[in-house]
Amino acid sequence: MPVENPVGLESPLILDTLTTPALPSADCPRRARTQLDLLLLAIEALDLGGSEAMLAVARELALDSLVKGRVNLWLLRSTNPMRRYSQRRPMALDEAKALVAIVGNLARRLTVLLRQLLTGYQQLQDKQLSLDHHLRLADYLTRFRTHFRARMNPRRAGVIAYSTDEKLDELAIQLLEQLLLCSGVLGTQRLWSSLFDGEVA
Amino acid sequence: MTIKRQYTLPYCNLVLEGLSANANDPFSPLTILMNAECRLPGVTDITLTGGREFLDSLVAAVSGYGQELLSGVTRPAQTPGTPAPIVALKPGDHHNHHLIVRQHPIGEPALDTTALPPLDIPLTTVQFFDLMETVDQLLADTQTLPDLTAQFQAVSRRLVKPAEPMTKRAAPAVLGAAALAAAGLALFFVPPPQFEPAPPGRQTDTPAETSSAVSNPDSPTAPPTGAEAGLSNPEQLAAAPVIVDPEKMAVLQDQLTRRLETAWQLDSPPSGDLAYRVVVAEDGDLLGYKYANDRALAEVDRTPLPALTLGPEPAAPPGQDPVAQFLVTFTPTGQVLASPWREPSPDSEPRAANPLPPLAVKITDPDQLRQLNRTLYDRIAAQLSPRSAPAALTYRVRLTADGDIIGYEPVNAAAGSLAQETPLPGLVSAAASQTPSDTGQADFKVVFSETGVLEVSPWEGWPQ
């Protein structure tokens, strides 16, 4: 299992490990905002106390100055253009760094569950069984679909692409995999770097 | 002294053997790699081994592919010209991944690695995660190969391939251009719509007539243009064939007089004689009328003409059915007098080109014909002015025995429209038009050729 991280996620200077990319503007690109919110949505679907855990992790990582509370977190996540109540405010890079740190930290705590679910998914695929046969996985998928439909604006083109259960399940599985990849020792940095693929000069 | 470092996860074992920089210091980091060994228990029995080159390639491939899975942005393939990397990762179907390794089997002499078929090891996402995590732990481990650290770099915008190939992106534009061309080609065969101006009088006949009658019923100084447009204009019916049968004319005249007398209410007798030119169809319907004196225009409401005239939609368009024209006079004493309409003098009515009735008495004397022919030629030639007609103008001209021109009739279409360019309208004498036809008349053919040459000949040919 993961060894003790030499970088030290608990360090208050956590954000220093995430280098600021050479972006044309000082704001977070659209795809990054969407991706961060979706990853947090998947965490909520995995863990019933996910939204509380996000705030707890923010306090642990001394990110209170960036994620000030429930409302502030909601505002940050609402910069996702797919949201029903999408906020026009931009997301600063430091705020995105804080969310990336929270995602990485929570993903690490969920590593065991993520491995179980993905292994179960693989077995169902090999046996050509529907996803309902894995109770925990079916639970996650149902909750993810509910969260997604409740919060995303069904008229947005990006949301219309996920109009069916099958497509939403596909998205949920993809987010599970991405969360797993974020859970490693360098997962946070890799996630941060991946947010700007195709965006930097 | 040889140091062995091992990174173990459920699906991946990475073992590194090497030498430390300082043999005497047990905490000295591993700096020189001798051998790297990667086993994938539960995936394959093959052991992947290699030196620093293999390890570097493994680290680069795994790290890059991990970021690709997170972002969904495909990293650009290696630049052409460089040899294929020893380790590569490619996405497979259904959340699977392919680890592709080019290495020569252990125990055999080293060969050109590019010549061998590469190993293709399918991995699930969890298995790939274990491989990536061992590599990440190695990268994060400062005690092993300190020079090997994580290098995260986002893909540049310029290196990202567009989501759709050029051909696919250009398809809509090409399709649009093709559709436009096809539509243009199809419409090329459709004739352009013909703009047909409606006959000017037909549409304004009755509605305008009533409105003008209401708006200025007693104004004797009504503008003549408004009156012409407002009242039914028999000029439009001039092109229609004229009824020439005297018996029919008499019947129509009788009928018209009786109808007008019946319909005329004498509660407001006119202040003077009201004269109208009235056009009547063959069946007795009143097709149109036009005032012949100013009082007739002002007091048209006191006559039954507006009520009796047919609506704006006669059964047949004018010009098709034969018509008769009468001069109708309403007297202050309550009498209605109708008489056949006679063309006024050509000075006031230049369009005297009415169809000529058949000759009652023909002049057949050859000498007289020649004399008349010469007289006609001289009279026309005296007033002939240069003109530019696109075609020859041919007329049938009628003369009395005295040489007066009674009338003329255009023979071809151009002659009808261009009569004003010839001296003929000015030569018709008013007196002659009233001349009874019993003294003998003769027809002549007058041709104004395109080149300006005047030809005059007897209508029925030169006498023998």
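How many residues of chain B are in contact with chain A?

## Where the chains meet

The count is 27 residues of chain B, which touch 29 residues of chain A; two residues are in contact if their C-beta atoms, placed from the backbone, lie within 7 Å. On chain B's side, α1 (52-71) and α2 (125-140) are the elements that give two or more residues, and α2(B) gives the most, with nine. Helices here are DSSP runs of H or I with at least four residues, strands are E runs of at least two, and both are numbered from the N terminus.

## About the model

This is a predicted model, where local features need pLDDT of at least 70 and side-chain atom pairs count only at pLDDT 80 or more, while totals for chains, interfaces and linings use all residues. Residues are numbered from 1 along each chain as its sequence is written, with chains lettered from A and ligands numbered from 1 in the order in which they are written.

## A sheet in chain B

Chain B has an open, antiparallel sheet of three strands, ordered β5-β6-β7; strands pair if DSSP finds at least two bridges between them. β5 (87-91) and β7 (119-124) of chain B sit at the edges with a single partner strand each, so one side of each has no neighbour in the sheet.

Five bridges link β5(B) to β6 (residues 96-101) of chain B. Look for Lys90(B), which stands opposite His98(B) in β6(B).

## A helix in chain A

Now for α1 (residues 30-46) of chain A: 13 of its 17 residues are buried, so the rest of the structure largely encloses α1(A). Buried means that 20 or more other C-beta atoms lie within 10 Å of the residue's own, with C-beta atoms placed from the backbone.

Notes:
Buried ≥ 20, exposed ≤ 12 C-beta atoms within 10 Å, placed from the backbone.
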